[in-house]
Amino acid sequence: MSVKISIDGRAIEAAEGASLMEEAGKIGIRIPSICKHPKLRPIGSCRMCIVEIRKEGGSRLATSCNYAISGKDDGIEVLTESGKVVAKRREIIGKMLSRWPGVGLLRDLAAKCGVPEPAEFHPKVHRSPTACIRCGICISACEQIKQQKGIIVWSGKGDDRRVMMPDDEMNPNCLGCGICALCCPTGAISFDSSPLNEADFEKTKKVAWEHAWEILTLDSVQNEMAVLGTTHLVPIMNDHDCLPVRNFQYGSDPGAAGLDKEAFRARFDKGFDGCWAGCAVACAHGVKNFKLRTGPFKGQKVFVDGPEYETIAGVGSNCGIFDPDFTIECNFYCDTYGLDTITVGTGMAFVMECFERGLIDAKHTGGLDLRFGSQDGFLEVLHQAARGEGLGRIFGLGIRRMKAVFEKEFGADRALMDDIGMEAKGLEFSEYITKESLAQQGGYGLALKGPQHDEAWLIFLDMVHNYMPTFEQKAEALHWFPMWRTWFSLNGLCKLPWNDIVPEENRKSKEPAKVMTHVMNYARFFEGVTGIRTGPEDLIRQSERVYNFQRVFNLRMGFGRREHDSIPYRAVGPVTREEYESRRERYDRQISEKLGIDPRGLPVDEKMRLLRKHREDMYEQLKDAVYDRRGCTRVGVLKTGKAKELGIDFPDLIALISR
């Protein structure tokens, strides 16, 4: 809805709800301001942006930055340079200049407004060019962008008013994100030095602040990781059939609503935990005063660090448990016992499916009911594992060795366990369903250490957006992303700011996950710290040397060949009739379209056999394409020419790969 007004004699139709300053800017009229920041809601504290508003013979002054136009303003006349306005602005700037005469921002405004040098100065004059002029932007930025109140506050009144932290001590909830320094118009808040001894501190500071600013302004409107951590992923994965349910059999479940981000929004402490002071993403959170119901600390109230998406999906949905409080308790005890929640969740999901399919029974579990959804049974096995007792002693061995024990001691079907035991290279799968993403199957199977998505997370690019339809495109992604993500590990940097917080223009890119704007930021950062002229390809080459050296080291240890890059069939396709029937329309269509076979009338077992052969063949073809792109032989061993190209052609290494 529009409102008819005039600004400096020019009639316009202003948008209802817009500010007078915004509408003036649209027609080229610039109203001066000190406290207005383009990324923040206006606060009107400096009053430099005043305008005169006339209506029906009356007149008044108002700050234009936070004056929201409404229907009652129809017909008003706005003057931005009337006598009243000019006089008031001169009075304001004159007083500020007499208090802080060294601040360049104020001197520039004084010159534009025709205000002379002060004849007299304020009794508490502060002549520093970086004096705090009490604009309040820093407080507003902390509250609006980081959504934290009381980190920095106003103290005192009148001439003694100043910005401070409560009690003049470092606020324990301050992340050191630098948003206040980024916004400060005078430099009163700044980072003057660094303990890192960078080659070029100013260059390092500039790119770090630009990147931090982007994170701080985008995260609050995208994923809210500063509030929710990675719990925002639960409903996204559930909606796209990627959330592991009941040992990766299914990709979604109605019960997932009980584990979504809102459940944890209500439980997370409103303070901010954070991985480290200064992190702009601040995705780590915790639950305060959580009362434990089991284990050695039963009945005690504790602080729980997390949980994050991987824990929620692993010990939660993947085990058929949709209770957020169970997830929190399990998270606490995994941390307390020094256990990885992904390994625990994926391992317990395997045990539960073995129990439900009769591969193990109550005699083997010590009487525990370990069907999917069994919270008490899960926690008891976890506590047993910590004590080295009962089934927990076997569970603590991990899926690969559990399969051997279940086969030898309990007579379990090894072929079925190999299909449903979600491990590769001895490592349990992280919590994403890969059946419909061939590229992500490669991201797991071809990873150096096993199926962890920190080398390559390609599900959405491949499965949802179909950005890499050919084997060559998948192979290119399975070269670039593992190299890039390796670089983060080499430099001790987090990957979340790179591709989880995305500039709007990048969302329209043909390669949205590469976020080349951010890649350039990391190159600039590396150059600022080291002084070495660096571009994105230099970063990839750094990682390529290390990555291939690691793979050759695996070879030296008896691994690192084609057969070691295989994955269980459940990561590739449906193992059981129940899985096939749960997505029958999808699988029937694939048999028809990809194999040219009419599935109507075929028994389910025959359709599963056809689909399995096709999918396993596709995975083997993907291996070939990836090995070619990475400079490896068809058995997955680095070629001597590639080793020389990378400068890692050490005599022992060449001798090893030549064999």
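Reply: Across the whole structure, a search finds 57 salt bridges. A salt bridge here is a side-chain nitrogen of Lys or Arg within 4 Å of a carboxyl oxygen of Asp or Glu. This is a predicted model, where local features need pLDDT of at least 70 and side-chain atom pairs count only at pLDDT 80 or more, while totals for chains, interfaces and linings use all residues. Residues are numbered from 1 along each chain as its sequence is written, and side-chain values use heavy atoms, with hydrogens and water left out.

Start with Glu52 and Arg54. Their side chains meet in a salt bridge, at 3.1 Å from N to O. Glu52 is buried, at 2% relative accessibility. Arg54 is partly exposed, at 35%. The cut-offs are these: buried is under 20% relative accessible area, exposed is over 50%, and partly exposed is in between (1.4 Å probe, protein chains only).

Next come two pairs within helices. Helices (H or I, at least four residues) and strands (E, at least two) are DSSP runs, numbered from the N terminus. Lys95 forms a salt bridge with Glu91, and their closest N and O atoms are 3.4 Å apart. Both sit in helix H2 (residues 83–99), four residues apart, so about one helical turn separates them. Lys95 is exposed, with a relative accessible area of 54%. Glu91 is partly exposed, at 36%.

The other pair is Glu645 and Lys642. Their salt bridge spans 3.3 Å, N to O. They are three residues apart in helix H27 (residues 640–646), so the separation is about one helical turn. Glu645 is partly exposed, with a relative accessible area of 45%. Lys642 is buried, at 12%.

Salt bridges also join into a network. Its members are Glu353, Arg357, Lys435, Arg570, Glu578 and Glu579.

Now the helix packing. Two packed helices are described by the angle between their axes and the distance between the axes. Helix H12 (residues 341–356) and helix H14 (residues 375–387) have axes that come within 11 Å and cross at roughly 120°. Axes are lines fitted to C-alpha atoms, for helices over the stretch in contact, and angles run from 0 to 180 degrees between N-to-C directions. H12 and H14 are therefore oblique to each other. Angles under 35 degrees count as roughly parallel, over 145 as roughly antiparallel, 65 to 115 as roughly perpendicular, and the rest as oblique.

Backbone geometry deserves a check too. Most residues other than glycine have a negative phi, and most peptide bonds are trans. Gly306 and Pro307 are joined by a cis peptide bond, with omega about 5°. Pro307 lies in the loop between strand S9 (301–305) and helix H10 (309–316). Glu224 has a positive phi, near 55°. Glu224 is placed in the loop between helix H6 (201–219) and helix H7 (225–228). Phe248 also has a positive phi, near 65°. The loop holding Phe248 runs between helix H8 (233–239) and helix H9 (261–265). Phe248 counts as buried, at 1% relative accessibility.

Last, a loop residue on the outside. Ala119 is found between helix H3 (104–113) and helix H4 (137–144). Ala119 counts as exposed, at 80% relative accessibility. Ala119 and Ser98 are 21 residues apart in sequence, and their C-alpha atoms are 8.3 Å apart in space.
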